[in-house]
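Trainee: I would like to go through this model step by step. Please show it, and then start with the terms.

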Amino acid sequence: MDKRKGYYLIIPAIIIMGIFTLYPLVDGIRVSFTDKSMLRTVYNYVGLDNYRQMARDPIFWLSLRNSIKLTTIVVVLQLLLGLVLAWTLKQEIPGMPFFKSIIMASWVIPVAATVTIFKFMAQPDVGFINVILRNIGLGNIVKYWFGDPKTAFSFIVLLHLWRNVPFYGIAFFAAMQTIPDSLYEAAEIDGANPWQNFWYITLPGIKNMIIVMVTIHVLWTFNNFDFIYLATGGGPINRTDVLPVYVYRQSWVNYAAGYAASIGTIMLIILSIYLIIYLIIQEKGEYIR
Amino acid sequence: MNLKLNKKQIKTRNTIIAYLVILLSLCFFILPMVWICYCSFRTQESIFTGKILAPLAGFTLNNYYRIFSVTDFPRYFLNSIKISSLVTIISLAVSIFGAYGLSRYTIKGKKPIIIGIFSAQMFPQVLLLIPLFLVIFSLNLMDKTIGIVLTQLILVLPFSMWMLKGYFDTIPIDLDNAAEIDGGNLLQRLIYVILPIAEPGVMVVAFYSFVVSWGDYLIVSVISQSQNTATLTLIISRLSASLLIRWGQVCAVATLTIIPTLILFALVQKRLIKGLTAGALKE
């Protein structure tokens, strides 16, 4: 085959990724060392000033804590609930094919629509959740669930679970399909209990899928902007502020591009550290094998 | 004997637990969608009675009538269709050629390119968007469909390339060589030999590109400046953030926003589950 053709084939992808991903990434890091505003074209290099400002900014630290808290809680819960769902999908009972075919619906609809659905359901007067609560005699706890500092964060977690748990379930189920039945049959002869089956056969069998799903979703949840921005905007009283929302507010509400870029750069560093640790663990795992 | 009875008991117990999980899952994952669809056919008064089951008089098609006749909904719907279709077509073209090139040819710096494409998925989009805004501005593409399309490509290209390269890698290169000996040029080889085999992967990439573009809020919120390019996600979030909310109409817009994605999902559902998991299982 003509060797040069290979380069022609990848040129469009390289150009698009170069202009719209690589350049913005490098330029974003560069802007983090300037006092650039979205409203002016003139700017100065200010060294590490933005990073110093960040170190003194309580909202930055709050957002960082919330981002890590949210990502950890969401991914752990998704993993556990995903395993329960996958176990259920494995049961061969009437109605299962239908259930399997509709359960991933929440994953494909736009996040903006999901937020609208849940905002509607959380309304104090007409919301489904509160209507149900009134009907079962819990009318005294009725409220706008995204507006209460005590419950807003939990409801953000709920949104993440609603979107992604079915994906986990289907993915783990697909991975379980590749485990040969003979392993379970052998275990049965040895008198293994269901818990031992799960721990020694199922879990190692879907280990790769678990690693892939957790990695994808740590990145996705940590970077996710629209769930929180559209549901609470970071409120009430910054209770649900996370880094992507804070970066967006700094750049498109305060127009402080330089400061926003420096927070974005910190996000990038955190994610890089996570990926490096992940790669090291994976490499080690290969040696052991 | 004892063992057999035990097994049956376990089976019964598992069935009961499974149905319980199914019931809870349906209530949690599916009911909210049914609920907004149901409320899109109710009058404002009926919704505000705070009752779950409305009397027949509480039902109306007025919400749909109004969003089509009074608001600019049809225009936003067409904008969304236009943008998502273009993203899908361009993403398919670029990633099919690109992935084929990476899969079949010796290219200098192939490894860094693949790693670069893969890690592009982790870059914070809120960070990229600050310089991207200036790029789009200097290319004079602000508030233009093509500006939004080009920017949204960064959301879908990494996954598309990775997915298709994985698929192409599983197809034996002998097939390409045989087709080449028969005198097929590159385009013919792709269309008649490679793409039919990689069809599930291509479908997944097309579906993924459309759905991600359809659901994007972040990029549209920055690049769209007028109703010429505003999409459904932008409008639906504005509607539910206003002071006096007509919930019936919001529900109608939400229903029509999610229906196209659900129809596409129904079409590719089986292949999607296979395709999405194939990559991870290959390891």
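Mentor: A residue counts as buried if 20 or more other C-beta atoms lie within 10 Å of its own, as exposed if 12 or fewer do, and as partly exposed in between, with C-beta atoms placed from the backbone. This is a predicted model, in which local features need pLDDT of at least 70 and side-chain atom pairs count only at pLDDT 80 or more, while totals for chains, interfaces and linings use all residues. Residues are numbered from 1 along each chain as its sequence is written, and chains are lettered from A and ligands numbered from 1 in the order in which they are written.

Trainee: Is B:Phe29 buried or exposed?

Mentor: B:Phe29 sits in helix 1 of chain B; helices (H or I, at least four residues) and strands (E, at least two) are DSSP runs, numbered from the N terminus. Because 22 other C-beta atoms lie within 10 Å of B:Phe29, the residue is buried.

Trainee: Which residues is B:Phe29 in contact with, leaving aside its neighbours within four places in sequence?

Mentor: Two residues are in contact if their C-beta atoms, placed from the backbone, lie within 7 Å. With neighbours within four places in sequence left aside, the partners of B:Phe29 are A:Ile103, A:Ser106, A:Trp162 and A:Pro166.

Trainee: How many residues does each chain give to the contact between chain A and chain B, and how does the side of chain B divide?

Mentor: Chain A and chain B each put 75 residues into the contact. On the side of chain B, helix 13 (residues 247-282) gives the most, with 15 residues. Nonpolar here covers Ala, Val, Leu, Ile, Met, Phe, Trp, Tyr, Cys and Pro, charged covers Asp, Glu, Lys and Arg, and polar covers the others, Gly among them. The side of chain B that touches chain A divides into 54 nonpolar, 19 polar and 2 charged residues.

Trainee: What are the domains of chain B, and how many residues does each give to the contact between them?

Mentor: Domain bounds come from an automatic or database domain assignment, which gives domain 1 (2-62) and domain 2 (72-282) in chain B. The C-alpha centres of domain 1 and domain 2 of chain B lie 33 Å apart. Their contact takes 9 residues from domain 1 of chain B and 8 residues from domain 2 of chain B.

Trainee: Which helix of chain B gives the most to the side of domain 1 that touches domain 2?

Mentor: Helix 1 (2-39) and helix 2 (44-48) of chain B each supply at least two residues of that side. The one that gives the most, with 4 residues, is helix 1 of chain B.

Trainee: Why is helix 10 of chain B described as largely enclosed by the rest of the structure?

Mentor: Helix 10 of chain B has 17 residues. The helix is largely enclosed because the number of its residues that are buried is 13.

Trainee: How many helices and strands are there in chain A, and what share of its residues is buried?

Mentor: Chain A has 14 helices and 0 strands. Of its 289 residues, the share of chain A that counts as buried is 39%.
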